[in-house]
Amino acid sequence: MASLANLPISLLDLASVPTGMDIPATLQRLQRYAQRADELSFKRFWLAEHHNMEGIASSATAVLIGQLAAHTHNILIGSGGIMLPNHPPLVVAEQFGTLDALYPGRIDLGLGRAPGTDPITSRALRRDDMRAERFPEEVAELQALLGPEQTKKRVKAYPGANSQVAMWLLGSSMFSAQLAAERGLPYAFAGHFAPRLAQQALELYRSHFQPSSSLAEPYAILCLPLVLAEDDAQARYLATSSQQRVLALMQGQPLYLPPPVDNMDEHWSVMQQAQVQDFLALSVVGGPVSARSKLESLLAQMPVDELMFTNDIYDEQLRLQALDLAAELVSG
């Protein structure tokens, strides 16, 4: 059983735009957030690629990675993830090879095979719908481009070849778990929006893992929503922001992060409440004592090597405070 004490913890962010804030202010807030995580010795900070989602400002993922890496010192900065079917592998290799040259040993490349958007926007990205079916082949192509330079190969990633970029596979189903196990790659499960298959996918990954030149033993991250506050009542109140946003997602509305509300019953029906709670089934909401208990119970069911949190709190100071409280949970 994994122990919460001294377990590596990390963050996933979508550069969510709080209601009433513009994008420049949001990105400045994002930078302060990453800097605080760096000061508290969080292990990594990942950004997720999304397109045409009003309220989410992480579409130019590689650009944001470079900005945050430039303003932090030790924390690993990366993608959670780059949606590979949206991009030629050569372009991804060049971008992340360049990032690695600027910030050696600090860049993670997490890869997903979903579009990260709607079908119309997928076409605007010139995305071939069949490319998701070729995901394993494109992962192998990207590994070759970022790996040892092959002198006889006519197409090379420059920068990119001979890089230190750490490649991860991300997933919310069994497909990527199986592929990560076969390739001997580290794996991250998206429990923050797809909780149902988390345990099954993580068990499949561990049981089928094949050692590789890059990884001798399986290494798995579980990502889940965390709303941590001074006490349970405050945490439940703050969690209404993410509940409202999930409800907006289900209704096809803009995804700004709204301020918390006193009573969610004024905002959702009984059926909508059930749907949102199902979406957030792995969410840990509470003060330090109850959050610790919930996380330890979770680790007993799904032993992982690292936990990664989303932290959707509207108020910036309370969001930063949540990082302090999370760091204390694993301080031993």
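Biologist: Start with β9. Which strand pairs with β9 in the parallel sense over three bridges?
Modeller: This is a predicted model. In it, isoleucine 9 has leucine 307 of β9 as its bridge partner. The strand that pairs with β9 in parallel over three bridges is β1.

Biologist: How many bridges join β7 and β9?
Modeller: Leucine 224 stands opposite phenylalanine 309 in β9. The pairing of β7 with β9 runs in the parallel sense, and its bridge count is five.

Biologist: Are the residues of β9 that point one way and the other buried or exposed?
Modeller: Glu306, Met308 and Thr310 point one way, and Leu307 and Phe309 the other. Buried means under 20% relative accessible area. On either side, then, the residues are buried.

Biologist: Turn to the open spaces. How much space lies in the largest pocket?
Modeller: Its lining takes two or more residues from each of β1, β3, β5, β6, β7, α9 and β9. In total, 44 residues line the largest pocket. The space in the largest pocket is about 950 Å³.

Biologist: Which residues lie nearest the centre of the largest pocket?
Modeller: The lining divides into 23 nonpolar, 15 polar and six charged residues. Nearest the centre of the largest pocket are Leu14, His50, Ala190, His192 and Phe193.

Biologist: What is the volume of the second largest pocket?
Modeller: Its lining has 24 residues, with Val165, Ala166, Met167, Leu185 and Ser214 nearest the centre. By class, they are 13 nonpolar, eight polar and three charged. The volume of the second largest pocket is about 450 Å³.

Biologist: Which elements each supply at least two residues of the lining of the second largest pocket?
Modeller: Met167 is among the residues nearest the centre of this pocket. Each supplying at least two lining residues, the elements are β4, α5 and β5.

Biologist: How much space lies in the second largest cavity?
Modeller: Among the residues lining the second largest cavity are Ala144, Leu145, Pro148 and Lys153. The lining has six nonpolar, one polar and three charged residues. The space in the second largest cavity is about 60 Å³.

Note on methods:
Residues are numbered from 1 along each chain as its sequence is written. This is a predicted model: local features need pLDDT of at least 70, side-chain atom pairs count only at pLDDT 80 or more; totals for chains, interfaces and linings use all residues. Side-chain values use heavy atoms; hydrogens and water are left out. On a 1 Å grid over the protein atoms alone, a cavity is a set of points where a 1.4 Å probe fits but cannot get out, and a pocket is an open set with protein on both sides within 12 Å along at least five of seven lines; lining residues have an atom within 4 Å of a point. Grid points are joined across faces, edges and corners, and a volume is the space filled by probe spheres set on the points. Helices (H or I, at least four residues) and strands (E, at least two) are DSSP runs, numbered from the N terminus. Ala, Val, Leu, Ile, Met, Phe, Trp, Tyr, Cys and Pro count as nonpolar, Asp, Glu, Lys and Arg as charged, and the others, Gly among them, as polar. Buried means under 20% relative accessible area, exposed over 50%, partly exposed in between (1.4 Å probe, protein chains only). Two strands pair if DSSP finds at least two bridges between them.
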